[in-house]
Amino acid sequence: MGARARLHLRGRRARLWAVVASDQTPQPPLAPAFARGLADLLDALRLEAGLAPNTLAAYRRDLTRFLRATARRGVTDFAAIDQEALVAYLGDLRRGGAADASVARALTSIRVLLRFLIAEGVLRRDATAELASPKLKRLLPSTLSPEEVERLLAAPTGDGWRAERDRALLEVLYASGARVSEALGLRTDDLDPALRALRLLGKGDKMRTVPLGERARIALAAWLAGGRRAVARGHATSAVFLTRSGKPLDRTAAWRRVKAAALAAGLPGTLSPHGLRHSFATHLLEGGADLRAVQELLGHASIRTTELYTHLDVDHVRTVHRMHHPRA
């Protein structure tokens, strides 16, 4: 990295830390009208839309930041928020170093709020109507080949509790396509007695059941009967995946274990648990699985999400076409 690039990166980091610091500084309460509107929206999103707590927290954070910035410009009523104010706020985010994805998310949150207020009769017009969201690149996690998956799953070696746990975790992630939060949220009563299926609690508190293959069942059974029983001794916990101290494994530790297995298998250390989820879906589609079935297994609310998430390799599509099309 050259000197100019380092200076640019340093300046961007400084701006981002300034934004973080300003968020942590004690702030005055929102204007009464803003506070009521935000509270009503969050109640509706929780009670009527059934959004998860993390999603609600993101809406609260984004909108509180916007409404405070608007108040600093002297606007304390929703009716006075116009397109000029929105453009100025989004411009401030960009100048503060916010990425396109962050700007797009902020605009989406504002749009949800204003359209909710229109539906409630508080506003008559949507100031975001003529504003376009930044175009985002669709970045999908890299997909492992079946051979690379085999190497990854074979990476944890030995008979100790950690190797047993890591083998079980990797096998479950790939066999079920679970999000890492879903796998780490597993409790012993979420497991089928014969370990042929898992109950996963997904986004929006939606439960789904996914099957497990033979190898995943063997690895999970070995962990439950061996390493987990040892580290859980004396601890009242039903979490499936535990640390040495008997506490539930957290996301950071799970990412580290996947990275360690990847490096041991000669794969990029940037591999994440989400890469295993993506590989799971892609391999199912390449094997001829129905897109709707993959949607159900992944727990996607919309088929469009599955279509974007499980794109097929162009070379694979060409091979299938050559093999099966009569005029190929």
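The secondary structure of the chain comprises 15 helices and 2 strands. Of the 328 residues in the chain, 39% are buried. Where contacts join residues at least 6 apart in sequence, 58% of them link residues at least 24 apart.

In soluble globular proteins, nonpolar side chains tend to be buried together. In the predicted model, the largest nonpolar core contains 41 residues. The residues with the most contacts inside this core are L152, L169, L198, L220, W223 and F241. Two or more core residues come from each of α6 (146-153), α7 (161-176), α8 (180-184), β1 (197-201), α9 (214-225), α10 (227-232) and α11 (251-264). The greatest contribution is that of α7, which supplies 6 residues. W223 illustrates the surroundings of one of the residues with the most contacts inside the core. Leaving out residues up to four places away in sequence, W223 touches W161, E164, R165 and A168, as well as R228, R229, V231, V240, F241 and L242. Another core lies apart from the largest one and has 32 residues, including L56, A69, L90 and I110.

Two packed helices are described by the angle between their axes and the distance between the axes. For α6 and α7, the angle is about 155° and the axes are 10 Å apart. Angles over 145 degrees count as roughly antiparallel, and α6 and α7 are therefore roughly antiparallel to each other. On the α6 side the contact is formed by V149, L152 and L153, and on the α7 side by R167, L170, E171 and Y174. Divided by class, this contact of α6 with α7 has 5 nonpolar and 2 charged residues, with no polar ones.

The crossing of α4 past α5 is right-handed. From α4, the residues L86, Y89, L90, L93 and R94 meet D100, V103, A106, L107 and I110 of α5. By class, the residues of the contact of α4 with α5 are 8 nonpolar and 2 charged, and none is polar.

The relative accessible area of A69 is 7%; under 20% counts as buried, so A69 is buried. Between A69 and D92 the sequence separation is 23 residues, while their C-alpha atoms are 9.5 Å apart in space.

Several further residues were examined individually. D166 is located in helix α7. With a relative accessible area of 5%, D166 is buried. When residues up to four places away in sequence are not counted, D166 touches P156 and R257.

R215 is in helix α9. In contrast to the buried D166, R215 is partly exposed, at a relative accessible area of 46%. Although 40 residues separate R215 from A175 in sequence, the two are 8.7 Å apart in space, C-alpha to C-alpha. Not counting residues up to four places away in sequence, R215 touches E150 and E171. E171 is one of the α7 residues that form the contact with α6.

L195 occurs in the loop between α8 and β1. The phi of L195 is positive, at about 60°, although L195 is not a glycine. L195 counts as buried, with 11% relative accessibility.

Q295 is situated in helix α13 (residues 291-298). The relative accessible area of Q295 is 6%, and Q295 is buried. Beyond its neighbours within four places in sequence, Q295 is in contact with H300, A301, S302, I303 and T306.

Conventions:
Residues numbered from 1 in each chain as written. Predicted model: local features only at pLDDT ≥ 70, side-chain atom pairs only at ≥ 80, totals over all residues. Heavy atoms only, no water. Core = buried A, V, L, I, M, F, W, Y, C linked by side-chain atoms within 4.5 Å. Buried < 20%, exposed > 50% of the residue type's maximum accessible area, 1.4 Å probe, protein only. Helix = DSSP H or I, 4+ residues; strand = E, 2+ residues; numbered from the N terminus. Contact = heavy atoms within 4.5 Å. Axes fitted to C-alpha atoms, helices over the stretch in contact; angles between N-to-C directions. Parallel < 35°, antiparallel > 145°, perpendicular 65-115°, else oblique. Nonpolar A, V, L, I, M, F, W, Y, C, P; charged D, E, K, R; others polar. Left-handed = near helix turned anticlockwise from the far one by under 90°.
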